[in-house]
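Visitor: Please walk me through how to read some features here.
Guide: Gladly; have the structure open.

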Amino acid sequence: MKPDIQPGEAAADCAFPYGLGGAGVHELAEAGFGDFPALTGFALAALRDAGRPGACLWIRQAALAREHGRLSGRGLAAFGVDPGRVVLVEAKARMEALRAAEEACRATGLAAVVAELDDMDFTASRRLGLACAASRTPLVLMFPHTRSGATAAQGRWRVTARPAAPDRHDARAPGRPAWRALLEKSRLQPGLAGRSFDVEFDDETPCLRLVSGLAARPSAPQPRRVGGTTTGLPWRNAG
């Protein structure tokens, strides 16, 4: 989603995360209740890593927007994503969100499509996969922690936030965004299914990269709950 970064420009140690952000359907799910803001940051990092030109269509199921909050323009900008290139669509129900995602994936010219859904069956994931096949548009599906079952997606990641390593230039400064990502299912890397990875976002490259060990530091304050929504991470506002 960053126009001046082209695919293939990332450093060799940034060859992560096994197809996420590339063409096809990819699932991200909370590791536990309250991880949706971390899930949002991970999705944004993966899409920036892909480096495709064009706008991103972001589809939100209304119930999830009420539960977890909405995208923050200031948060997107702070993360290096131009809010003007993110087109938001809010669907009242799951079927409306799925139809919007399928139609968007059949179109060309989009950098990516993101859809926040409460659940999805195998048939729906198969339809989305077929829609993406012709356009080669990446589709990232975001689910709550209750997501389970079979999928036709390239893979499913369970994501939670991790404490960031200290900034190497200023120990008092906030570190890079970091996550623990479990590769729950994978069609591209089936041998890696079940493995967990510590990942951070390198905003200088930009890319997602594996870290061999995050330096010990006190955990950041946990996001607080306000009116059923999660606050405390910059890329989502309270609903």
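**Rings and a helix**

Guide: Phe 42 and Trp 157 are both buried; buried means under 20% relative accessible area, exposed over 50%, partly exposed in between (1.4 Å probe, protein chains only). This is a predicted model, where local features need pLDDT of at least 70, side-chain atom pairs count only at pLDDT 80 or more, and totals for chains, interfaces and linings use all residues. Residues are numbered from 1 along each chain as its sequence is written, and side-chain values use heavy atoms, with hydrogens and water left out.

Visitor: How many aromatic pairs does a search of the whole structure find?
Guide: A pair of aromatic rings is described by the distance of the centres and the angle of the planes. Rings of Phe, Tyr and Trp (its six-membered ring) pair if their centres lie within 6.5 Å; planes under 30 degrees apart count as stacked, over 60 as edge-to-face and the rest as tilted. The search of the whole structure finds three. In one of them, the ring centres of Phe 42 and Trp 157 are 6.4 Å apart and the planes meet at 50°, so the pair is tilted. This pair links distant parts of the chain, 115 residues apart: Phe 42 is in helix 1 (residues 36-50), Trp 157 in strand 7 (residues 155-161). Helices (H or I, at least four residues) and strands (E, at least two) are DSSP runs, numbered from the N terminus.

Visitor: What aromatic pair do Phe 42 and Trp 179 form?
Guide: An edge-to-face one, with 5.4 Å centre to centre and 75° between the planes. Trp 179 lies in strand 8 (residues 178-186), 137 residues from Phe 42. Phe 42, Trp 157, Trp 179 and Phe 197 form one aromatic cluster.

Visitor: Now the helix. Which residues of helix 4 are buried?
Guide: They are Ala 97, Leu 98, Ala 101, Glu 102, Ala 104 and Cys 105. These cover an arc of only 165° around the axis, so they sit on the same side of helix 4. The arc is that of the directions from the helix axis to the C-beta atoms. Met 95, Glu 103 and Arg 106 are exposed, on the face turned away from the buried side.

Visitor: What does Ala 104 touch?
Guide: Contact means heavy atoms within 4.5 Å. Ala 104 touches Leu 57, Leu 110 and Val 113, not counting residues up to four places away in sequence. Ala 104 belongs to helix 4 (residues 94-106) and has a relative accessible area of 6%.
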